[in-house]
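Please look over the sequence and the structure shown here. A short report on the fold follows.

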Amino acid sequence: MVKDSLAATKFLDSLAENNHFFTEIRNIDDEVVRTKIYYDKGPNYNTANVRLSDSVAADLKTSGTFYTKNLDSVRKNINQKYVDLGYSFSRVKTKYLGMEKGIPKVELSVNRNRQRKIDGFVLKGYEKAPKRFVKNLEKEFKLRKYGDENLLAINRSLQNHPFVSLERPPQTLFTQDSTNIYLFLQKKKVNSFDGMLGFGNDKEEKFTFNGTLNLNFRNVFNGFESISLFWQRNPDRGQSFDLKADIPYLFQSNVGASVNMNIFRQDSTFANVKVLPAVYYNLSSRQRLGLRGTFETSTVLDSLYTQGTEYTRKGAGLWYDYTAPTEIELFLHKTRVRAEADALFTNYSAANLDATQMRYFLAAEHNLRLRGNNYLNLKGESAMLSSQNELTTNELLRFGGWNSLRGFNEEALYADFYYYGAAEYRYLVNNQAFFDVFLQYGQLYNKVADLRPQLYSFGLGFNFFLPIGLMSFQISNGNEFGNEIKFGDTKIHWGILTRF
């Protein structure tokens, strides 16, 4: 039932729009309060010889005439293509042109209305997110065509964001003059406590305990800032303390600042203090490019220790960082790349000597999905410290351990150049646990001790979520090529990561 003759005419016309080209009016009963119209829809023709209007053929860059066995599907596809072009309220019109060899001939045209483009974002739920965060979203997506492709891109850009999560997919508010995307955000619990306990032998093959504590406070003041405290003790009686602070959006700009202070003490022989202040620019939500300074001091604590010397070091350098988030909550990230280069100027007070040095660092990691629940984690790292003079032990690069070349003690390997690569097979039991088996190969160059050993390590582990956090258990063993595997060199690590 329709309210007037105009509505009745539109209804009858709509039958032709839906492939009933031979609708006939059979009878009309004009009553006192209403008019009854009796009609015969006739057959529904879904096969047709189609001619596209000139504007449609130009917009879609396709042939103007063709034959189809499914006119409804053609109309639906054309409508979707216009939606993807930003014409969200477009309407495909069908005009009957007659019969051609028993097949209807029709013309398809489109009433496009106004093209829709993304005009801005509105935050709901967590509205205290940094203004620069919203501005960066607008910088990336504003004035893009409104459509499914860009809506999915927005959703992906916020998926597994380190500080916020989407409570539901982005919603859209259309007005006559604007198209705004509503983001229903939730502030993540990103403060964390990370503890690790290790068991192994020291250089004298004595069984020792070692471990790390890592405490992170993040986004406490709603600026995506972070403060972290790190302490580590290795089996060779070395201790490391690290303090980091990072503010990504200074004065609501894309310029950020960070500072890192590291203190390393090797038993009673020497201690190093390093401060690394930095400023950087957020190239995107995943990339940073920065400039940093280096201020370092090393003190020899034991007068009988002849392998080291006291020095002070200053310098400046560039660094680049890229991090792609992962869809697997058990993994830290999908891809990570870090590159650093520093020019250093070192003064050795005892020898009254100045030296120019260069320090390089490159690390990359990627989680590759093989098939189903099978993943391959690929990781590589390399660093070099080149100098005009002969380096001493207390200024060499240190690596090895839980987050480096596993199977060796924490920071027990000294080198002026090293590299290693790792392949780790991971089987995801579910979204709460995975098993892993890994193999690593590396080499170090130590000119001080005239060493160039080729190293390997292997092991297995199990990671799973408990109510208190992410639990990790690892067994590993490593040695130099040519040396037989010793059971006593096996390292056992147990750790827990809790977010609050």
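Predicted model: local features only at pLDDT ≥ 70, side-chain atom pairs only at ≥ 80, totals over all residues.

Four of its strands build an open sheet, ordered E4-E3-E6-E5, with mixed pairing. Strand E4 (65-68) and strand E5 (91-100) stand at the edges. Each has a single partner strand, so one side of each is left without a neighbour in the sheet. On average, neighbouring strands of this sheet are turned by 30° against each other, direction ignored.

E5 runs antiparallel to strand E6 (residues 103-111), and nine bridges join the two. Helix H3 (residues 71-84) lies across strand E3 (48-52), E4, E5 and E6. Relative to E6, H3 runs at about 15°.

## Helix H4 and its buried side

Which residues of helix H4 (residues 131-141) are buried? They are Arg132, Phe133, Val134, Asn136, Leu137 and Phe141. The strands are E7 (120-125), E8 (164-166) and E10 (179-187). The helix is H5 (148-158). Just after H4, Leu143 takes a positive phi of about 70°.

E16 (270-282) pairs with strand E17 (residues 287-300) in the antiparallel sense, over eleven bridges. A hairpin of four residues connects E16 to E17. Across this pair, Ala271 has Thr299 of E17 as its bridge partner.

E17 also pairs with strand E18 (residues 311-324), again antiparallel, over twelve bridges. Here Thr297 stands opposite Thr312 in E18.

## Positive phi in two loops

Most residues other than glycine have a negative phi. Gln252 is not a glycine, yet its phi is positive, about 60°. Gln252 sits in the loop between strand E14 (238-247) and strand E15 (255-266). Its relative accessibility is 42%, so Gln252 counts as partly exposed.

Asp267 also has a positive phi, about 35°, and is not a glycine. Its place is the loop between E15 and E16. Is Asp267 buried or partly exposed? At 25% relative accessibility, Asp267 counts as partly exposed.

## Salt bridges

How many salt bridges does a search of the whole structure find? The count is 15. One of them joins the side chains of Arg112 and Asp59, at 3.0 Å from N to O. Arg112 lies in the loop between E6 and E7, and Asp59 in helix H2 (residues 54-60), so the pair ties together parts that are 53 residues apart in sequence. Arg112 is partly exposed, at 33% relative accessibility. Asp59 is partly exposed too, at 28%.

Arg288 and Asp246 meet through their side chains in a salt bridge of 3.5 Å, N to O. This pair links distant parts of the chain, with Arg288 in strand E17 and Asp246 in strand E14, 42 residues apart. Arg288 is partly exposed, with a relative accessible area of 25%. Asp246 has 13% relative accessibility; the cut-off for buried is under 20%, so Asp246 counts as buried.

The side chains of Glu340 and Arg338 form a salt bridge at 3.0 Å, N to O. Both residues, Glu340 and Arg338, are buried. They belong to one network, joined by salt bridges that share partners. The network holds Arg292, Asp321, Arg336, Arg338, Glu340, Asp342 and Arg359.

Conventions: Residues numbered from 1 in each chain as written. Heavy atoms only, no water. Pairing = 2+ DSSP bridges. Axes fitted to C-alpha atoms, helices over the stretch in contact; angles between N-to-C directions. Contact = heavy atoms within 4.5 Å. Buried < 20%, exposed > 50% of the residue type's maximum accessible area, 1.4 Å probe, protein only. Salt bridge = Lys/Arg side-chain N within 4 Å of Asp/Glu carboxyl O.
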